[in-house]
Protein chains: 2
Amino acid sequence: MSEQGKPEQGNELGKGQPVGSTSERRPPVMADVARVAGVSHQTVSRVLNDHLNVRAETRIRVLAAIDQLGYRRNFVARALVTRHSRRLGVVSFDTTLYGPASTVYSIEQAARAAGYFVSIVSLRTIDRAGVRDALDYLADQGVDGIVVVAPQRSAAQALDDLPAGMPVVAVEGGHAGDVSVVSVDQVAGARLATEHLLDLGHDTVWHVSGPSDWLEAEGRIAGWRDVLTAAGRPVPEPLDGDWSPRSGYVAGRRLAAMAGDVTAVFVANDQMALGVLRALTEEGIRVPEQMSVVGFDDIPESEFFSPPLTTVRQDFGAVGRCSIEVLLRQIEADGPLARERHVVPAEFVARASASRRPDGAVRN
Amino acid sequence: MSEQGKPEQGNELGKGQPVGSTSERRPPVMADVARVAGVSHQTVSRVLNDHLNVRAETRIRVLAAIDQLGYRRNFVARALVTRHSRRLGVVSFDTTLYGPASTVYSIEQAARAAGYFVSIVSLRTIDRAGVRDALDYLADQGVDGIVVVAPQRSAAQALDDLPAGMPVVAVEGGHAGDVSVVSVDQVAGARLATEHLLDLGHDTVWHVSGPSDWLEAEGRIAGWRDVLTAAGRPVPEPLDGDWSPRSGYVAGRRLAAMAGDVTAVFVANDQMALGVLRALTEEGIRVPEQMSVVGFDDIPESEFFSPPLTTVRQDFGAVGRCSIEVLLRQIEADGPLARERHVVPAEFVARASASRRPDGAVRN
DNA sequence: GAGGGCATTGTTAACGTTCACAGTCTTGCC
DNA sequence: GGCAAGACTGTGAACGTTAACAATGCCCTC
């Protein structure tokens with residue numbers, strides 16, 4: 001603002017930016033390179049795209065000209081004519097949470113390794129319209145394909161009305177209509193947790209669940225219930241949470257009030273498990289001596305909870321990599337492929353927060 | 001793969017996708033709309049861009065045609081001619097960490113609210129070349145501006161050689177050469193934490209620091225050291241960590257071994273503080289009765305640590321919003337502006353992990 | 001040495017939009 | 001009724017790349 005009369009983008013810091021023969025200030029284009037190299041712009045294009053049938057000597061001359069002019073290819077123009085932007089879209093919900101953040105991270109890594117860029121839309125609230133809008137925006141922006149991290153039922157439904165012909169992969173998207181899906185085996189993971197607790201001699205296992213709209217929450221409930229039912233144990237009413245530590249704390253207070261009756265809890269994620277642990281500690285209930293707690297996710301903190309949390313690990317990295325593989329296959333096929341379903345196994349992680357049923361507990 | 005002879009993108013699910021008069025399968029373009037509305041393509045463009053001087057009746061006819069054909073504007077073609085993509089780039093390091101994840105999230109929200117899309121590059125490792133490459137890639141992709149979440153010294157240095165003429169804002173970027181910077185006041189935050197502990201009667205305060213390359217770690221050390229020095233207290237050698245709970249745990253073991261001498265610790269982030277708490281718990285050292293612990297960040301979990309963690313809150317949302325404001329100002333000015341510096345204040349959050357100096361402690 | 005094939009290069013036309021300018025049609029005023 | 005100003009609309013040319021095809025030169029074979 002205090003400069004000499006608004007330099008009007010003529011910033012001539014000696015940035016070493018080479019200029020062509022003409023005194024243009026606009027960045028050089030293919031035609032400029034062609035002129036310098038003494039070839040046609042098409043030959044420049046061929047060199048850039050690694051076409052065969054370019055004489056080695058010509059290639060060298062072109063590369064030299066590119067170097068001399070500091071030429072950089074204009075991807076926008078390229079995208080216009082090829083109809084491919086080499087960009088992928090990602091729609092996700094609250095990328096602040098550990099799970100989505102990790103998934104998106106590995107998606108980005110995998111995409112970039114394959115030469116694709118990633119545009120992100122993070123949704124604050126989840127509803128069908130919001131997801132649909134995000135998909136439309138991304139389609140308008142010309143992405144070649146979209147990964148939808150759609151862990152809610154309502155988000156998964158929005159996949160029914162996606163832009164025609166757009167390659168899409170749903171992560172944690174449940175049995176969404178036509179689209180391919182990559183997800184962690186929530187049901188099996190929940191089974192592992194519940195079986196572990198039963199194996200330790202507990203009569204039954206209580207459950208603090210995630211929000212009812214979430215498919216993951218649903219899967220974890222299903223696995224937990226399956227095991228209890230199969231073992232002929234009573235199935236207590238789940239206490240609902242919303243993934244937050246606070247909601248776990250609230251549930252923990254209620255569990256504490258039932259201590260003696262309750263000896264084992266499977267909590268649907270580690271953050272809520274932290275809240276449960278806190279509530280139990282406050283009420284003077286020792287974990288695992290009086291009550292066993294198992295979480296889900298294996299966030300980096302879990303190992304250092306008091307006590308270290310027994311939990312179920314999700315391999316978010318594998319989920320991200322797999323989803324990109326599937327998506328790129330669709331994009332490269334350039335036509336509808338049979339829908340794929342991939343399930344990444346969950347892994348049980350035993351630590352110190354679950355142990356044998358306390359002797360004093362009443363067997364009913 | 002098992003379909004009838006490769007439908008070749010002719011998926012005729014009755015998607016309600018309206019088609020033009022011709023039997024083209026390609027999406028309609030402006031010229032198609034113009035034909036249907038009986039106007040020129042330029043008039044369609046004017047309607048779309050809210051130009052004045054379009055008769056109301058004409059506008060209605062054009063909008064009707066757009067609706068009928070299901071026309072969607074091609075942003076790539078638009079970007080080619082306008083030289084503006086309405087897309088921003090974000091370069092960040094390990095978006096799995098709470099701080100970067102929150103910052104990137106709020107950047108994305110703010111950008112989208114302003115009508116911009118966001119392309120992300122997450123760096124796995126930080127070095128000058130990596131950051132420079134990321135900047136170049138994004139510039140090639142035609143973003144209108146870039147936010148660099150550059151909390152490391154080496155990343156901040158890479159800002160010295162960024163693409164000429166590209167608007168850039170550094171988040172947590174320290175005193176990076178020419179570019180505008182938005183950051184949280186790390187030094188003041190660390191002061192608050194340290195002063196609080198001194199106010200509680202502790203003779204001095206130990207410190208578990210972040211990795212030395214990080215500017216944030218440096219700022220927190222500076223604030224901590226300032227306060228101790230100003231108060232004439234001994235300044236213990238900081239124990240280094242790497243932000244991870246595990247490194248906090250390791251530091252915590254060492255602190256536990258010195259219990260009695262050490263009565264107060266300021267830990268550079270909440271995750272490491274968790275590790276410290278765990279180590280102290282294992283060694284039977286009660287917090288805060290025997291040792292006070294203060295963290296930094298106020299992650300959602302902190303409130304539910306045992307004991308709930310006294311810490312310093314960073315308003316990542318404000319940082320993200322502010323950085324987008326600054327960046328958009330630069331972009332809209334379309335020329336170099338005076339560099340800006342914005343500092344977001346940190347907020348002290350008192351909980352239960354810090355208390356008065358234990359009586360038994362030796363005053364040296 | 002003629003002809004076919006291949007390697008190599010050039011020419012022209014898209015891609016779908018916006019910009020610059022040139023028209024045409026109103027409208028109001030004298 | 002004529003005229004000018006302004007409202008409205010159309011025409012042609014970019015933007016920078018790739019695709020499609022044509023053209024050239026060379027080598028090898030017969």
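The model is predicted, so local features need pLDDT of at least 70 and side-chain atom pairs count only at pLDDT 80 or more, whereas totals for chains, interfaces and linings use all residues. Residues are numbered from 1 along each chain as its sequence is written, chains are lettered from A and ligands numbered from 1 in the order in which they are written, and side-chain values use heavy atoms, without hydrogens and water.

Around DNA strand D stand 28 residues, of which A:M30, A:S45, A:Y71, B:T58 and B:R83 come nearest (near means a heavy atom within 4 Å). By class, this surface has 10 nonpolar, 12 polar and six charged residues (Ala, Val, Leu, Ile, Met, Phe, Trp, Tyr, Cys and Pro count as nonpolar, Asp, Glu, Lys and Arg as charged, and the others, Gly among them, as polar). Its largest share, five residues, comes from helix 4 of chain A (helices are DSSP runs of H or I with at least four residues, numbered from the N terminus).

On the base side, a polar side-chain atom of A:Q42 lies 2.9 Å from a base nitrogen.

Elsewhere, the axes of helix 10 (residues 245–257) and helix 11 (residues 270–282) of chain B come within 6 Å and cross at roughly 40 degrees (axes are lines fitted to C-alpha atoms over the stretch in contact, and angles run from 0 to 180 degrees between N-to-C directions).

Conventions. Polar contact = N/O pair within 3.5 Å; in protein donor to acceptor, adjacent residues only side chain to side chain. Helix = DSSP H or I, 4+ residues; strand = E, 2+ residues; numbered from the N terminus.
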